[in-house]
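Biologist: Can you take me through this model? Keep it brisk, please.

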Amino acid sequence: MKIKKIHLINFRNYVNQEIVFSDNVSLIYGENAQGKTNIIEALYLLSTGKSHRTGNTNELIRYGESFFDIRLEYEDNNYLQNIEIKYEKGNRKRLLINEVKKDRISDLLGVVPSVLFSPESLSCIKGSPRERRKIIDIVLCQVSRKYLYNLQKYNKIVRNKNVLLKEIKKKRHQTQQLDVWNESQAMTGAVIIEERKLLIQSLEKRMKRLMHGISEGREDVTLRYKSFFDEDKNIFNSLLDMMNENKNREIENEISLFGPHRDEIEILLNNRNSRLYCSQGQQRSLALALNIAIMEEIKDRSGKVPVLLLDDVMSELDEKRRNYLYEIIGDKQAVITSTDKTQFRMTVGGISYIRIKNGTVISDSNV
Ligand SMILES: Nc1ncnc2c1ncn2[C@@H]1O[C@H](COP(=O)(O)OP(=O)(O)O)[C@@H](O)[C@H]1O
Ligand SMILES: [Mg+2]
């Protein structure tokens, strides 16, 4: 699978622009605030259905306009195909794949998988448990329809149960009603936890190998999935017991307190929690290793090599980590942004250069 080109209409600071990508590395360069990250954001949106920068889709519409329309052409199985997202203020995002309307935006998950690495990626190490859950969920949704289905179902159950908890607290509902919700929450939650644990195990193996390479054998990584209950017992039963034993607490707080939406994924370096004890450099290495591990995982599970999106990260990496990254990119497809055209050197494959100025692609001869 290779992405070929993207067409942006009224997206961020783009009026109407087509951008053609290389099958290997496309280096998007230009000064600050010209629209480099906006291209990455559009690609990410077409890959995952969400922006990595905002949850408010209105922000993506060009100032003063009322809609945006973005379209990606990609090649898969020797066929040229396309994904289009149209959004009009006040409506839902609409998705078309090969001109056919889809019911849900999530139908695009896994079609053009991608892995994004940006300065904010450090939050997968430094940030709250929510950030790490989000990353794990995005990976699993890209490779497993079953996971996506269960995650959507689970989130709906939690929302409904929270409404019920409020009602019970106000004495407008009976406590027994909770049993039905607890049972389905535990059932769906258990499937999610199981899938996540399998992924964590696999990512751990990959990260151990990768960190070994990056640190020349000095650093050892451990990933741990942490739930609220005894790890060795059956997940469904443990989750249900937990909820049943804490009914009053949940009613008092008016919120569901246990389950995969509250779990933590711990990343340990040499047995210490990397969130608290790692240097900035170690955290960068970990974030790099995690992203590469995710890329390998998606490739092995889906058979598709994800597109690597590298937003402004080259300048942050030292020579050694940068070389490591070049090696990993190899002959894969990558879209890379940088303010410095010369910063990026590849030994394998070719680079195509795309210069961006004020939301427009300009060719170097016009400079
Ligand atoms: N909805 C929007 N409409 C028009 N311009 C926007 C919109 N959102 C952001 N911008 C502009 O996009 C530019 C930032 O683009 P970005 O891709 O983040 O820059 P960079 O090249 O530094 O990565 C800024 O000039 C900002 O004003
Ligand atoms: Mg940027």
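Predicted model: local features only at pLDDT ≥ 70, side-chain atom pairs only at ≥ 80, totals over all residues.

Biologist: How many helices and strands does the protein have?

Modeller: 10 helices and 15 strands. Both are DSSP runs numbered from the N terminus: helices are H or I with at least four residues, strands are E with at least two.

Biologist: What about contacts between residues 24 or more positions apart?

Modeller: They account for 68% of the contacts with a separation of 6 or more. A contact means heavy atoms within 4.5 Å.

Biologist: Switching to charge. How many positive and negative side chains are there?

Modeller: 60 positive and 50 negative, with the centres of the two sets 3 Å apart. Lys and Arg count as positive, Asp and Glu as negative; His and the chain ends are not counted. Each charge is placed at NZ of Lys, CZ of Arg, CG of Asp or CD of Glu.

Biologist: How many salt bridges does the structure hold?

Modeller: 31. A salt bridge is a side-chain nitrogen of Lys or Arg within 4 Å of a carboxyl oxygen of Asp or Glu.

Biologist: Which residue does Lys161 meet in a salt bridge?

Modeller: Glu250, at 2.8 Å from N to O. Lys161 lies in helix H4 and Glu250 in helix H7 (residues 247–253), so the pair ties together parts 89 residues apart in sequence.

Biologist: Are those two buried or exposed?

Modeller: Lys161 and Glu250 are both buried.

Biologist: What does Arg209 form a salt bridge with?

Modeller: Glu296, with the closest N and O atoms 2.5 Å apart. Arg209 is in helix H5 (residues 177–214) and Glu296 in helix H9 (residues 280–302), so this pair links parts 87 residues apart in sequence. Arg209 is partly exposed at 46% relative accessible area, whereas Glu296 counts as buried at 19%. Salt bridges that share partners join Arg206, Arg209, Glu296, Glu297, Asp300 and Arg301 into one network.

Biologist: Where does Arg301 lie?

Modeller: In helix H9. Arg301 counts as partly exposed, at 35% relative accessibility. Leaving aside neighbours within four places in sequence, Arg301 is in contact with Leu140, Val143, Glu195 and Leu199. The C-alpha atoms of Arg301 and Gln142 are separated by 9.6 Å, although the two are 159 residues apart along the chain.

Biologist: On to H10. Which residues are buried there?

Modeller: In H10 (residues 319–329), these are Arg321, Arg322, Tyr324, Leu325, Tyr326, Ile328 and Ile329. Their cover includes strand E3 (25–29), H5, H9, strand E12 (307–311) and strand E13 (334–338).

Biologist: What follows H10?

Modeller: Gly330, with a positive phi near 45°.

Biologist: What is the phi of Asn98?

Modeller: Near 50°, a positive value in a residue other than glycine. Asn98 sits in the loop between strand E6 (94–97) and E7. Asn98 is partly exposed, with a relative accessible area of 31%.

Biologist: And Asn271, what is its phi?

Modeller: Positive, about 70°, although Asn271 is not a glycine. Asn271 lies in the loop between strand E10 (264–269) and strand E11 (272–273). With a relative accessible area of 66%, Asn271 is exposed.

Terms used
Residues numbered from 1 in each chain as written. Chains lettered and ligands numbered in written order. Heavy atoms only, no water. Buried < 20%, exposed > 50% of the residue type's maximum accessible area, 1.4 Å probe, protein only.
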